[in-house]
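The stops below go from the whole chain to single residues.

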Amino acid sequence: MRQIPVDTSGATVMVAQPPQLKMRDKKTGQIALDPDTGNSLMTVDVLFVMSGNAEVISVTVAEPDVSGELVMGTPVALTGLVARPWENEFNGQKRHGISFRAVAVTSLAKAG
């Protein structure tokens, strides 16, 4: 699978939706697990602002690598962010998109 590194150095990134467990199968309630570590996966929706453009993206990260209190509006760092193009076919319809995965999501809010 291709992975494209994402440069976040010139971006402002903040939490749009707090972390939630990523579901592998919503019908059964099965939680998605990292294939390498077995850790539960989380999704964090972030507002990614760069060069005057803003977009909300969902970033997947292993649960132990989400640090700090991540509430709406919290500035965060996305360590090791990569984009992965994907494509699948379901009921005869082709779908495609880009998924985002980070090594860690870390709060940049000042402790106080």
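A residue is called buried under 20% relative accessible area, exposed over 50% and partly exposed in between, with a 1.4 Å probe and protein chains only. This is a predicted model, in which local features need pLDDT of at least 70 and side-chain atom pairs count only at pLDDT 80 or more, while totals for chains, interfaces and linings use all residues. Residues are numbered from 1 along each chain as its sequence is written, and side-chain values use heavy atoms, with hydrogens and water left out.

**Whole chain.** Start with a cartoon view. The protein has eleven strands and zero helices; strands (E, at least two residues) and helices (H or I, at least four) are DSSP runs numbered from the N terminus. The C-alpha trace spans about 50 × 30 × 25 Å along its principal axes. Of the 112 residues, 28% count as buried.

**Core.** Select Val 13, Val 46, Val 59, Val 76, Leu 78 and Leu 81, the residues with the most contacts inside the largest nonpolar core, which has 19 residues. Such a core is a set of buried Ala, Val, Leu, Ile, Met, Phe, Trp, Tyr and Cys residues joined through side-chain atoms within 4.5 Å. At least two core residues come from each of β2 (12–21), β5 (41–50), β6 (53–62) and β8 (76–79). The largest contribution is that of β5, with four residues.

Now centre on Val 59. Leaving aside residues up to four places away in sequence, Val 59 touches Met 42, Thr 43, Val 44, Val 46, Leu 78, Leu 81, Phe 100, Arg 101 and Ala 102; contact means heavy atoms within 4.5 Å.

**Salt bridge.** Which side chains meet in a salt bridge? Select Asp 34 and Arg 101, with an N to O distance of 2.6 Å. The rule asks for a side-chain nitrogen of Lys or Arg within 4 Å of a carboxyl oxygen of Asp or Glu, and by this rule the count comes to one. Asp 34 lies in the loop between β4 (30–31) and β5 and Arg 101 in strand β10 (residues 93–101), so the pair ties together parts 67 residues apart in sequence. Asp 34 is buried, at 9% relative accessible area, and Arg 101 is buried at 17%.

**Two loops.** Go to Ser 51, in the loop between β5 and β6. Its phi is near 55°, a positive value in a residue other than glycine. Ser 51 counts as exposed, at 71% relative accessibility.

Finish at Asn 91, in the loop between β9 (82–90) and β10. Asn 91 is not a glycine, yet has a positive phi of about 50°. At 69% relative accessibility, Asn 91 counts as exposed.
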